[in-house]
Amino acid sequence: MATIDNDPLFTSLCSSKTLQSQQEGFFNAFYHTVAENFTGKSEHWLRDVFGRVVPGDDCTKLQLMFEDPTVCFEVLGTLEHVKPVFRGKDAKFSWQRREQALKLLHGGKIQQALLMACQAVIKAPPQGIDLHIDQGMTLACALWTRSEVLIGALDGKRALVDLQMAAKAGFPVKENAEYYGRMAKCYALIGEMKRAEISIKLYHQLSGHNDYAQGRLREDIETLKVLKSEEDPVKSHYERRTLPRLSGDESKELCSASSKLKLSGSRGDASKGQYIVAAEELKPGETILVESAYGACLYQKFFGTHCNQCFARLVAPMACPECCGVAFCSPECRDRACSGYHRFECHYLDLMIGSGMSILCHLALRLVTQAGTPEKAIEMGKELREALCAHSESRNQEDYFQRSLMAAFLLRCLQKAEFFGRRKTEAPEPTPEEAQIGGVLLNLLQSLQFNAHEVYETKISGDHRFDTAKVQYIGVGVYKTGALLNHDCYPGVLRSFHGTTMVLHASRTIAKGVNVPENYGMHFLRHSVALRQRTLRSRYWFQCDCKTCSEDWPLVDKLTDKPRFRCPQPECDNVMNYPHKKAFTVKCWKCKKTVNLDASIKILNQCEELYASGAKMMEEERTEEAIELLCRGITLFHQIAVPPHKPTHMAEESLRVCFADQASVYRMEPNVLMQ
């Protein structure tokens, strides 16, 4: 890194951001307390002791935290005090929110009632925990109340789930006519009238064959059906579409990728490493990757609005049985998380957040906890070490030491959470197996800096799905195949997300054998070459030599609408400037032939007409037609010309918006505060 790092302060700030998101967290103070021990007389400890350990030998680096007398006493003294810190259940609070929900519901304030009912469910302890309130049935009562609110919101599917969960939580179902009355309403709302009729008959039977009550129930059901039929379809505020199919067959070499991609380069190549190229020509719009996250974590501020497991927006959240720190969109997501990674994170999540650690630290821990056992986590570590670059040899020793200290803290959380089973001692010093996991964590804390992707959804705040659409980053994921794409300031792919699944579409024509690049956040349309170079050097530790940088393409407001044309001669690969004369006949300096660019000009005009038609389709919210028109125009352009060309780049950006619209989309409801 020394050969390209001409801004060490900025590089240090960039690296620090990937380790600590909050300077006020206690980890920063922890580090400085330990660091005081190798200043002054021992100021060369980092260089002469810690720095002598071979870069990449992460277990040995970590072991120094616990064994070297220069630092171990402060490290051990702090780690001995690691204790559970989490938000527990509160039956009284749940009961209060439940009562508020019912008052709001009867007052016609359904959205506010749903918010209170959801808080009641999240805060409710499991059956039998607090017998002084609701006789230990707080969770069942909260779910029962929320089912009523959801029926009022015409959401029969989620109300039905709540009724089923209430029964599992101990709500009395046998001989309970009201339970089957609600079941009937739920089935009617989701259009299952045969099941609704069965529930109505059970309600009639259990109510003592009360014909009047049965009649009232049928009237209520008819009213709900009418309201449901009149419901504005736009009200469905979270949209997750069907995953697209890969173009061509699935690659046998690259997991989750199209066979139109292949691997090139080698891990030993210091400049490019292994990267992905086109195995055959790629056309705009082709789906080339559909990859589930190897691991993913939500940003903390979305813990209350998104499912911690699949990143879906929460409507009727399910809670962890023990904590209130996270929520899930369904019993299935909750059970999967709580039987896997969350059982090790649950009691220490607030402690880790309070440390000020970044989401990449949480992701490193998540990759270990989701493995389930130390043995599987060690295998996972080996797999990712092979797949993801860490640049350990280029990392300065202070940064390396900070990451080692963070790894020691995360390892201590795993010890306390019994990831390694019940330990024979409370001392923080790791066993050989624990030290291996510490090494895995330390390697991940380095490699995720360069290989993680931010996960986003599209948020629509107004009536028009494109005019008011905005990207909202909600978390971070790691994708083994996706991480193999190298950067270009003019990307060749468009990235979108279906929950935590990453989808890549080709954004332009890419010839066989050519690099398939993505963009690491520094697009030439929005950032100057100087800023791009500085950021990429300091954040990702490489010198960008893409064409946009070497030719210094202008920003979007100064882009030309007169591109360079390809020579029309089939065997010539020359490009020539847009002709400024009325006559379109020019001589190619490479093939020495006189060529007429009139046909190229006409095709360029056709491209721009297709772009305009695509924009019109977007105005009319006809996404599929817009994609088809934009792809046709972009394909034609790359046949006869080369960028930069403002209309084409605007079309590529429009194509990105269209594909994002077919992924995870959240439409904000008016007058509802939900960030």
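Predicted model: local features only at pLDDT ≥ 70, side-chain atom pairs only at ≥ 80, totals over all residues.
Residues are numbered from 1 along each chain as its sequence is written, and side-chain values use heavy atoms, with hydrogens and water left out.

Q: Why is the pair of Phe50 and Phe401 called edge-to-face?
A: Rings of Phe, Tyr and Trp (its six-membered ring) pair if their centres lie within 6.5 Å; planes under 30 degrees apart are stacked, over 60 edge-to-face, the rest tilted. Here the centres are 5.5 Å apart and the planes at 80 degrees, so edge-to-face it is. The two residues sit 351 residues apart, with Phe401 in helix H18 (residues 397-416).

Q: How do you know whether Phe50 is buried or exposed?
A: Buried means under 20% relative accessible area, exposed over 50%, partly exposed in between (1.4 Å probe, protein chains only). Phe50 has 0% relative accessibility, so it counts as buried. Phe401 is also at 0%, and therefore buried.

Q: What makes Arg313 a charge over the ring of Tyr666?
A: The rule wants NZ of Lys or CZ of Arg within 6 Å of the ring centre and within 35 degrees of the ring normal. The charged end of Arg313 sits over that ring, 3.7 Å from its centre. Arg534 does likewise over Phe10, at 3.8 Å.

Q: What makes S12 and S16 a strand pair?
A: Pairing takes at least two DSSP bridges between two strands, and 2 bridges join S12 to S16, which run antiparallel.

Definitions and conventions
Helix = DSSP H or I, 4+ residues; strand = E, 2+ residues; numbered from the N terminus.
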